[in-house]
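Please examine the sequence and the structure shown below. The report that follows treats selected features of the backbone, the helices and the strands.

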Amino acid sequence: MSDAVSASVPGSASLRLAVVGPTHPYKGGVASHTTELCHELAEAGHDVTLVSWSHLYPSFLYPGEQAVPGGAPDVEPFPRTIRALSWARPDTWVRTGRRLRDMDAIIVVHVIPQAVPSTLAVLRAAGVGRTSTDGSGPRSIVIAHNVLPHETRPGDRQLVEALLRRVDSVVVHSDSQAKLASELGAGHVRELDLPPHLPGGEPEKHVDSTGPTRLLALGIVRDYKGIDLLLDAMLDVPDLTLTVAGEMWGDSGRRVKELAADPRLAGRVEVHSGYVPADRIAALMARHDVLTLTYRHATASQNVLLARRHGMPVLATHVGTFGAQVRDGVDGLLVPAGDRAALVDALRRLSDRSYAGELRSGVRPPDLSGPWAHYVGGIEALASAESDALDDEDDDETAPPEGPVQRAKDLVMAARLRRRHRVSLRPSDFPEWVRASDVLALDNDALDAQDLARELGLPRCSDAVAAWAALGAVAAVLRIRDDGRRGAVIVDESGTKSPFSRWVRALGFEPVELELTGRRTSVEVLDVDTASLDVIARIHPGGCGADDIDHAVGQASWALRSGGLLVVTLPIGEDDPDWAVSPADIRGVLARADDLGLVLVGDVDGDITERIRAASTSAREARATQPEARRRGVTPAYGILRLTFRRR
């Protein structure tokens, strides 16, 4: 194992990554995702080792078949796979962790709470930053497909909380899971859309039929999947057939078999017990008309994408990610979970073969590559999140260039060493030119902010605009919302590239970080109580745009305590009205905020139009004459407006 882990691909990888999780011969979506993730990370140029299990967990925790029947893998195995871990051998946990100490990051795929002790032992032995005493080990990332299991056991929450509190970042795949991870103490939560890792190969031609509409329920039969609810609703809709194909788990499986044997469903339901191997999926889906996902509750699932891959419409409940994946009435039907009447109505519509055919014609193939590019980019940012914050200006410019692997390792290591230091700052340490509300009109203003942050002892930030945005936000927090005990409740949705959370954490605060996809706010995802937050930050590069500033202001108006702060940045200019805001728009934003009880702190210091013109002139000059500004991360295409509001 030692040689395999320490081997490197000279000159080809930018980060050395260990992925710890299940893979073939273990079956299921988590194993497939883990394997595909390793392929994608390696394809992106990283040095990847997949560390897996010879024995994952005892059979009483997983009553179904653990291994793929017949030995044929669902997805192509990853070549650099080491099966060194066993749930029953703690010595393998420690030995494995020690061999991962030279990694830049360890990515742990969270499977079940009972695996947390072994996971923590691996991380501790590897010396990861938040579980070791010196904080100088690899970064630690947990990928949580399900933060807690669908059917919980006593002690599950405590075990998962122990894991999430001890790692650098947690990746989840839905809003509800982001909220749960934050509740369980995760320091930084990154929500990424689950990319496709679909078994079954190429689709087969759909087999037409003149009989009843043919429904398919595919996968392990468990209570939360609600197949019993589907069978019960079918009693009221005669012109349908159903095939249930998957392993029958415990009481849920027995219940489904009993319902399928009801005389009123005679000849209409087939139950194919047992795991469905990948090479049978395409043919099975070609012989059916609609895939059913009548779940009681869910997190993120591949099944809608699998259906789209094979040209099938979907009947799903509005839980988990299904609502975002199914276009109701276009390529499927959505019904409320647990609503029998709505489910019966949907089944009646599907019993009309012509309507089911219309839905089939609306199905579009899924994008199988784009989501992975975004997902890998998110993992890369977390694996080297601190390295992006380091400014390399102090490097000896006469020194020979370093290779990408060594450079990334040096940056990550240096960042971790800085994390040990606690910075002591007072409001008086910030000069008057650091304003709560301001306009970035000149490149030099951003560079000055970057230099001041370094002089104050804050962790470095290579993006000067992000440093300018965060410095004003930090100053506002200390001047207005800090009582000296660093107890302010801070929610930051500015993104990994922003230094704001790192800076306030260095000052002694404990911010909650969320990175979200789509037009959503952390307030919605966390489902916070009214008047419960002290600070909400949404600043460059994850700031607001013209299309969502009103929404952000509205959310903050009720989530902030009296005296609480909302700090946002907005791009300003005339060239892109869908993204940037004009001076006239800004006046409207201020009026809207005032109506909602949010008062602007300070002033934007002068005529906005003039400063936008100055920013435009500065941009042209920088492009022509200031390569140094470009090298240091200044992007002067638009002016940037920082607004700080205080709740009345």
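## Residues with positive phi and a cis peptide bond

Arg-486 is found in the loop between helix H17 (464-481) and strand E15 (490-492); helices (H or I, at least four residues) and strands (E, at least two) are DSSP runs, numbered from the N terminus. Phi of Arg-486 is near 55 degrees, a positive value in a residue other than glycine. Arg-486 is buried, with a relative accessible area of 18%. The term buried means under 20% relative accessible area, exposed means over 50%, and partly exposed lies in between (1.4 Å probe, protein chains only). The model is predicted: local features need pLDDT of at least 70, side-chain atom pairs count only at pLDDT 80 or more, and totals for chains, interfaces and linings use all residues. Residues are numbered from 1 along each chain as its sequence is written, and side-chain values use heavy atoms, with hydrogens and water left out.

A positive phi of about 55 degrees is also present at Ala-531, which is not a glycine. Ala-531 is placed in the loop between helix H19 (522-526) and E17, and it counts as partly exposed at 39% relative accessibility. A cis peptide bond, with omega about 10 degrees, joins His-540 and Pro-541. Pro-541 belongs to the loop between strand E17 (533-538) and helix H20 (549-559).

## The chain as a whole

The protein chain contains 23 helices and 20 strands. Of its 648 residues, 57% count as buried. Among contacts between residues at least 6 apart in sequence, 77% join residues at least 24 apart, where contact means heavy atoms within 4.5 Å.

## The six-stranded parallel sheet

Six strands form an open sheet with parallel pairing, in the order E10-E9-E8-E11-E12-E13. Its edge strands are E10 (269-273) and E13 (332-335), each of which pairs on one side only. Two strands pair if DSSP finds at least two bridges between them. On average, and with direction ignored, neighbouring strands of this sheet are turned by 20 degrees against each other. Axes are lines fitted to C-alpha atoms, for helices over the stretch in contact, and angles run from 0 to 180 degrees between N-to-C directions.

Strand E12 (residues 314-317) pairs with E13 in the parallel sense over four bridges. Within this pairing, Val-335 in E13 is the bridge partner of Thr-317.

## From strand E13 to helix H12

Pro-336 lies in the loop between E13 and H12. At 44% relative accessibility, Pro-336 counts as partly exposed. With neighbours within four places in sequence left aside, Pro-336 is in contact with Thr-317 and Ala-342.

At the start of H12, a side-chain oxygen of Asp-339 reaches to within 3.3 Å of the backbone nitrogen of Ala-341. Helix H12 (residues 340-350) has as its buried residues Ala-342, Leu-343, Val-344, Ala-346, Leu-347 and Leu-350.

## Packing of helices H3 and H4

Two packed helices are described by the angle between their axes and the distance between the axes. The axes of helix H3 (residues 90-98) and helix H4 (residues 116-126) come within 7 Å and cross at roughly 35 degrees. H3 passes H4 in a right-handed crossing, that is, the near helix is turned clockwise from the far one by less than a right angle. Trp-93, Val-94, Gly-97 and Arg-98 of H3 make the contact with Pro-117, Ser-118, Ala-121, Val-122, Ala-125 and Ala-126 of H4. By class, this contact has seven nonpolar, two polar and one charged residues; Ala, Val, Leu, Ile, Met, Phe, Trp, Tyr, Cys and Pro count as nonpolar, Asp, Glu, Lys and Arg as charged, and the others, Gly among them, as polar.

Thr-119 also has its place in helix H4. It is buried, with a relative accessible area of 11%. Apart from neighbours within four places in sequence, Thr-119 is in contact with Val-108 and Leu-163.

## Strands E2 and E3

Strand E2 (residues 47-55) and E3 pair in the parallel sense over five bridges. Leu-50 stands opposite Thr-81 in E3. Five of the six residues of strand E3 (residues 81-86) are buried, so this strand is largely enclosed by the rest of the structure.

How values were computed:
A polar contact is a pair of N or O atoms within 3.5 Å; within protein, one must be able to donate a hydrogen and the other to accept it, and residues adjacent in sequence count only if both atoms are side-chain atoms.
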